[in-house]
Amino acid sequence: MKIDILTLFPAMFDGFLTESIIKRAIHNKQVEINIINFRDYSLDPHKKVDDYSYGGGAGMVLMPQPIFDCLDAIKTDDSYVILLSPQGITHTEQMAYTLTKKKHLIFICGHYEGFDERIRSCADLELSIGDYVLTGGELASMVITDSIVRLLDGVITTESHIKDSFHNNLLDYPVYTKPVEFRGMKVPEVLLSGHHKKIEEWRYQEQIKRTKERRPDLLEKR
Ligand code: ADE
């Protein structure tokens, strides 16, 4: 899979691309991620990318030209363009799975007060990561990219996906490691029993209990 991220702040991605699982997935060629500064596509002599809003109002608005020209240069028949904005539909684990099937994702990160409405016309999908407003789409693009890349074949072991919160609309069961007792808190006896069937059943019951307590809305979706 190839992912191109259009941004005015490429340095925000430095740590994201050079640490942990994303770094390894890039190294192993399971994903190619390019950070593209769309200011480079501005035809303005001063490389301007934004201007005042027609009709007045505070703040600067991203102009369509640099983004349209950038997309013209990088888009192919395999591309799927995602605009990041708090007005998009909310990202979910199910959406992350759906997006793993695309060959080429292009994320557009807005910034400043907003973007010219005509930019919406070049997106196949508008996505939000939640009902709050960020200073730009960069963090959202990293969150969504991370949720997709970890699902790509071979990036992490498949068993981990099956255990994931939200797989089957259930939250994860509790896990423990050494020591057996820590500051008076003990590992549940069943986990030390070596009885695999009982452990499996206990874990499933804990998932149900936890989901009922914390996210009853998920149980209704099952
Ligand atoms: N840009 C600003 N806020 C955002 C959000 N919540 N999700 C995606 N992109 C954004």
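A polar contact is a pair of N or O atoms within 3.5 Å; within protein, one must be able to donate a hydrogen and the other to accept it, and residues adjacent in sequence count only if both atoms are side-chain atoms. Keep that in mind for the exercises below.

The model is predicted, so local features need pLDDT of at least 70 and side-chain atom pairs pLDDT 80 or more, while totals for chains, interfaces and linings use all residues. Residues are numbered from 1 along each chain as its sequence is written, and side-chain values use heavy atoms, with hydrogens and water left out.

**Exercise 1.** Describe the surroundings of Glu-32.

*Solution.* 
Step 1: Find the residue. Glu-32 belongs to strand E2 (residues 32-37); strands (E, at least two residues) and helices (H or I, at least four) are DSSP runs, numbered from the N terminus.
Step 2: Look at its side chain. It makes a polar contact with the side chain of Asn-34, at 3.0 Å.
Step 3: List its other partners. Beyond neighbours within four places in sequence, Glu-32 is in contact (heavy atoms within 4.5 Å) with Met-1, Lys-2 and Ile-3.
Step 4: Buried, partly exposed or exposed? Buried means under 20% relative accessible area, exposed over 50%, and partly exposed in between (1.4 Å probe, protein chains only). Glu-32 has 39%, so the residue is partly exposed.

**Exercise 2.** Work out which residues and atoms meet the ligand.

*Solution.* 
Step 1: Sort the shell by class. There are 8 nonpolar, 4 polar and no charged residues. Here Ala, Val, Leu, Ile, Met, Phe, Trp, Tyr, Cys and Pro count as nonpolar, Asp, Glu, Lys and Arg as charged, and the others, Gly among them, as polar.
Step 2: Find the strands. E5 (79-90) and E8 (125-128) each supply at least two shell residues, and E5 gives the most, with 3.
Step 3: Check the backbone. A ligand nitrogen atom is 3.0 Å from a backbone N or O atom of Ile-129, and a ligand nitrogen atom is 3.2 Å from a polar backbone atom of Ser-85.

**Exercise 3.** Which strands form the open sheet, and in what order?

*Solution.* 
Step 1: Recall that strands pair if DSSP finds at least two bridges between them.
Step 2: Read the order. The 3 strands run E3-E4-E7, with mixed pairing.
Step 3: Name the edges. Strand E3 (50-52) and strand E7 (114-115) each pair on one side only.
Step 4: Inspect one pair. E4 (residues 60-62) and E7 run parallel, joined by 2 bridges.

Technical notes
A residue is near a molecule or strand if one of its heavy atoms lies within 4 Å of it.
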